[in-house]
Amino acid sequence: MAVTIGPAAVSLAQVAGSIAGHLGIPAEPVPILVDSIVWQLRLPRVLTAALVGAGLALSGAVMQSVTRNPLADPYLLGLSGGASVGAVSVVILGIGFALPAAAFLGALLALIATLSIARVGGTITPVRAVLAGLAIAQLAGAATSFIIFWAAKGDSYREILNWLLGSVAGATWNSVAIAGVAVVVVGTGILLSATRLDAFAFGDTSAASLGINVNRTRWLLLGSVALLTGAMVAVSGAIGFVGLILPHLVRGISGPGHRRLLPLVSVCGALFLVIADTLARTVFDPRELPVGIITAFIGVPVFILLIKRKKSHLWA
Amino acid sequence: MGVDLDRLSFSIDGTHILQNVSASLPTGTVTGLLGPNGAGKSTLLRLVAGIDTADAGTAALDGTTIGALPRREAARRIALLEQNASPSVDLTVLEVVLLGRIPHRTSLMGSFSGDHDRVIALDALAMVGASALADRSWHTLSGGQQQRVQIARAMAQQPSLLLLDEPTNHLDVSAQLSLLGQVRELGVTAIMALHDLNLAAAYCDHILLLDAGRLVASGTPAEVLTPELIGAVYGVECFILDHPRGGHPVIAYAAAAAEGRP
């Protein structure tokens, strides 16, 4: 339905007709202009938004459980920023490296940096993790902007905004493929780990006493999150707050059990980002906002409510 | 059969935490692990649980070396209650107890015998007299209720060995007594680290007394809890009385701690 909304009027039937036409299903022919709006512009964009929303929400849910940190989120802990540096190195500087792989490496390095800065005496408190993540995210943001300015081609400011705030405006079928493969492959692996994630509820010792190989499981899952975040950032830049707030909101509906939480958070993340992106491209029509502005406007108040409402012992 | 510790040693960065601890604890007995702070009680429990690996020596349960078992296999036989554990998310009591079924899940996504797990979890809650709490949120429970639920979680693991790290911490007297009474009634082999010597004397069949990583004494409460040993390990003067209802020793401390404790 989000496909029908936009500067050019397109009906749901035309969307269906266009999709059917491309899939080789006989249907009412659609005008060529409408067809190319649907198939070349809007459909890849909506699908990319859905996949990125699902991937980010899933990443946040996993990080919060595995680090026992209700503030964990790929954006707050600097992973998205690190991934952006990796991605712009490829896109702008033309370093000969696959885009998602570079973003993954950036995310992984940022994650390792954040966790090693936050670790004092073998323990990581949620607050220290967020502070370390803030430092890494700032550094990564500066590096991203610097690289774009240095290369100085086209509209640098717009380019910087899109990477730092996130946007799915340039989404193509290539974006859909990158995000889709990551969400399906990594997401399936994560869904299969639902029980292991449950075991972390009381911490590492308790997880170990429930038969979990704690270190291996934690690094496998955090590595998966870096991979997922890398792929998401490669197609959309660093979109904030999806990974932070959706797991909290969805837990209220699904309960904390990961077998229900993980699938539901993916679906809700997808819906959330599709709606946010639809707002991003229609509110100031014909100008477009980076979707990260919308997610921050929605996410920050929800985040504040969560901080105020949550019992303090959960944050210690 | 039961638990056999054979010259267990463990060190961190060259500091000896445990040295050459050997003991044999028969099936069905409750053992108290005593010693001052830093004596190595928690470390010993973690080694027996198979969570940490000993530098030397072995711990065996019913003849099987625990360190040689895959983690999940060990978790089906041994449950560990750590000190003051609290979940990072809001869980109901039943959800906490169901965590104990994790080592028994078979397929990757968790078995589909959810009802079976539920029955076992509800039984475990009934065992500790906490059935009425099933739907309560964990964070609304009192300290005593939380410990009770933790024991139910451990029992849902259906272990043959139950390890408890200072289970009576922060509990009031009546909660302490009922909790330890509960552990005895379970009939499962148990090892618990305790600070209160009188509770150990009243509720344990066997006492292991640790000091600075070494096993100082091992035996019945009456054998181990003597003024000499307590003075040597804890540096306090005490008298041993007979409990009015008989059966176990009562430790009465002299008013002030003896001077000159290192």
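Reader: How many residues does the contact take from chain A and from chain B?
Author: This model is predicted. Two residues are in contact if their C-beta atoms lie within 7 Å. On that basis, the contact takes 25 residues from chain A and 25 residues from chain B.

Reader: Which element gives the largest share of the side of chain A that touches chain B?
Author: Two elements give two or more residues to this side: helix H8 (194–198) and helix H9 (204–209) of chain A. The largest share is 4 residues. That share comes from H9(A).

Reader: How many nonpolar, polar and charged residues has the side of chain A that touches chain B?
Author: Take the residues of this side by class. The side has 5 charged and 9 polar residues. Its nonpolar residues number 11.

Reader: Why does Ile298(A) count as partly exposed?
Author: Ile298(A) sits in helix H13 (residues 291–309) of chain A. A buried residue needs 20 or more neighbours, and an exposed one has 12 or fewer. Ile298(A) has 17 C-beta neighbours inside 10 Å, so the class is partly exposed.

Reader: Which way do the residues of strand S6 of chain B point?
Author: In a regular strand the side chains alternate between the two faces of the sheet. In S6 (residues 78–81) of chain B, Ile78(B) and Leu80(B) point one way. All four named residues of S6(B) are buried, and the other way point Ala79(B) and Leu81(B).

Reader: Which residue in S7(B) stands opposite Leu80(B)?
Author: S6(B) pairs with strand S7 (residues 161–165) of chain B. The pairing is parallel, over 4 bridges. Opposite Leu80(B) stands Leu163(B).

Note on methods: Residues are numbered from 1 along each chain as its sequence is written. Chains are lettered from A and ligands numbered from 1 in the order in which they are written. This is a predicted model: local features need pLDDT of at least 70, side-chain atom pairs count only at pLDDT 80 or more; totals for chains, interfaces and linings use all residues. Ala, Val, Leu, Ile, Met, Phe, Trp, Tyr, Cys and Pro count as nonpolar, Asp, Glu, Lys and Arg as charged, and the others, Gly among them, as polar. Two strands pair if DSSP finds at least two bridges between them.
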